[in-house]
Amino acid sequence: MINSMLGSRYKLGEMIGTGGMADVYIAEDTRLARQVAVKVLRSDLARDPSFVARFRKEAFAAAALNHPGIVAVYDSGEEPAPYIVMELISGHTLRELIHKGERVPLKRALEIGEGILAALEYSHERGIVHRDIKPANIMITDQGDVKVMDFGIARALADLGATLTSTWNIVGTAQYLSPEQALGEVADLRSDIYSTGCLLYEVLTGAPPFTGETPVSIAYQHVSGVLIAPSTLQPDLPAGIDVVLTVALAKKPEDRYQSAGLMLDDLYKIGAGQVLTTKTPRVKFSRRKVLIAALSSFIAISIIAAGLIFTKPTADSSTFPEIPNVVGLSQADAQAMLSDYVVTIARAHDARIPKDRVASQIPLATIRAQKGSGVVLTISDGPGDAIVPSGLIGMSLIDARAALSAVGLLVAQTEAVSSDEALGTVLKVTPEVGSTITAGSGVILQIASGQVEVPALIGIDAIQAKTILVQVGFLVKEVEAYDANQPVGIVIRQAPDAGTTQTIGKSVTITINKAP
């Protein structure tokens, strides 16, 4: 779609991002002579009326929001493909900032939290819930301003009857899901507050509140895991931070802040050095049958109840030893390596880590921590069970992969068969929908076959070529070669040739020009 024109006005240029529903391009608004960002519904989804309707809903919801902390939506249209025109932001995402590994100063971390909450307070007052707050959806402009973007799965509060079970493929990263989202229940504005709490916890401590090797194991911890106080990981944080994040990350929505404005007020108080009067909820474990079946045991005791005392550091944290990596070790071996720390044990199912081995640790390995501080180890109870999700029949192959991944399952094999259905549509699932199988195992999908024309790829950027192939429905194989007469990074050969046809799901090989 590069260099094509949308709505006889927007000339598309370089692709700058891709998501669960759409690809994002830099574009020139030829009418106003300015650069904008254009989100174009992916071609494999544009054939699905339900996705087109959802995309229209996104445009309607986002266009109603006019706030300096929210990325502005300028225009939308549907020819030749559904699209939304947005403000082009010069800056970087919070995800990029976090991944640098540098600790964000307290003052700046509070400013980031305040910016997010101010935007959410505005959207919530207008009946719009974001439902996908995560670092990748928070922009930090070159001027240091905070902007929330991608209200891609926002819905009017009046339309909250639908749960997220069938749309987990677009909900977002599991590390920022609220417990009610993890359980497929109704998500309201308090889910945004929980996700903001997860994000702020990570900015302040360097690690998310709950980790695991699979989305399923992380989801279990959101619902039943004990929250480690932020000051346990970073003892120099003010006491108010523990209060704010304990309330924001309460398991029950009714125990959280009931509005973004209330949490925002507490952040302002912390910044001003004031004492908080907000009451923290009592910690109670879930008694849901689904969790009793999924988890063999809960964390039986909180850090405070265990009587663990964490002293303030007497030296700069750079002098503290690095915490060793114990993931994959037995509990005994891990505790032996962590003899200088106070170890708390949790257990959870994990499809990738053998039973009775360490599946995750908090703080993460290589983080510097004072001797005598706390480390939480999650021990694997094995893969546990997963249920083949409903709704797979009729999905596109891409959506089916995402839906299976969300419940801890894989696509083991695809079988292309003749059908009147659209190319790539899932026709049959083995084992059948509703079956209980071991988490981490694979299913066989029968998909509608058909002959698809291979696009012309020679001479275009390799990233663009791969995007085009995936959208058409092909797998991608990459080969590298060097031609001094061609620009580096473009496709110099392809097989099969452009214009030929082959069955959807087959591979197309591209040769990428790479300097030796």
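**View 1. Helix α6, wrapped up by its surroundings.** In this predicted model, 17 of the 17 residues of α6 are buried, so the helix is largely enclosed by the rest of the structure. End to end, from first C-alpha to last, α6 reaches 25 Å, close to the 24 Å expected at 1.5 Å a residue.

**View 2. Zooming in on Thr-196.** This residue lies in helix α6, which runs over residues 189–205. Thr-196 has 1% relative accessibility, so it counts as buried, the cut-off being under 20%. What does Thr-196 touch, once neighbours within four places in sequence are set aside? Its contacts are Ile-116, Leu-117, Leu-120 and Ile-133.

**View 3. The open sheet, strand by strand.** Six strands line up as β1-β2-β3-β4-β6-β5, with antiparallel pairing. β1 (5–6) and β5 (73–77) take the edges with a single partner strand each, so one side of each has no neighbour in the sheet. Looking at β3 (residues 22–29) and β4 (residues 34–41), you'll find eight bridges in the antiparallel sense. One to look for is Ala-22, whose bridge partner in β4 is Leu-41.

View 4. The aromatic pair count comes to one. That pair is Tyr-10 with Tyr-83, sitting 6.1 Å centre to centre with 65° between the planes, an edge-to-face arrangement. It links distant parts of the chain: Tyr-10 belongs to strand β2 (residues 10–18) and Tyr-83 to strand β6 (residues 83–86), 73 residues apart. Buried or exposed, what is the state of Tyr-10? Tyr-10 is buried, with a relative accessible area of 2%, and Tyr-83 is buried too, at 5%.

**View 5. An arginine over a ring.** Arg-34 lies over the face of Tyr-74, at 4.1 Å from the ring centre.

View 6. Mean pLDDT for the protein is 80, and 84% of its residues reach 70 or more.

Technical notes: Residues numbered from 1 in each chain as written. Predicted model: local features only at pLDDT ≥ 70, side-chain atom pairs only at ≥ 80, totals over all residues. Heavy atoms only, no water. Pairing = 2+ DSSP bridges. Helix = DSSP H or I, 4+ residues; strand = E, 2+ residues; numbered from the N terminus. Buried < 20%, exposed > 50% of the residue type's maximum accessible area, 1.4 Å probe, protein only. Contact = heavy atoms within 4.5 Å. pLDDT = per-residue confidence, 0-100. Expected span 1.5 Å × (residues − 1). Phe/Tyr/Trp six-rings, centres within 6.5 Å; stacked < 30°, edge-to-face > 60°. Lys NZ or Arg CZ within 6 Å of the ring centre and 35° of its normal.
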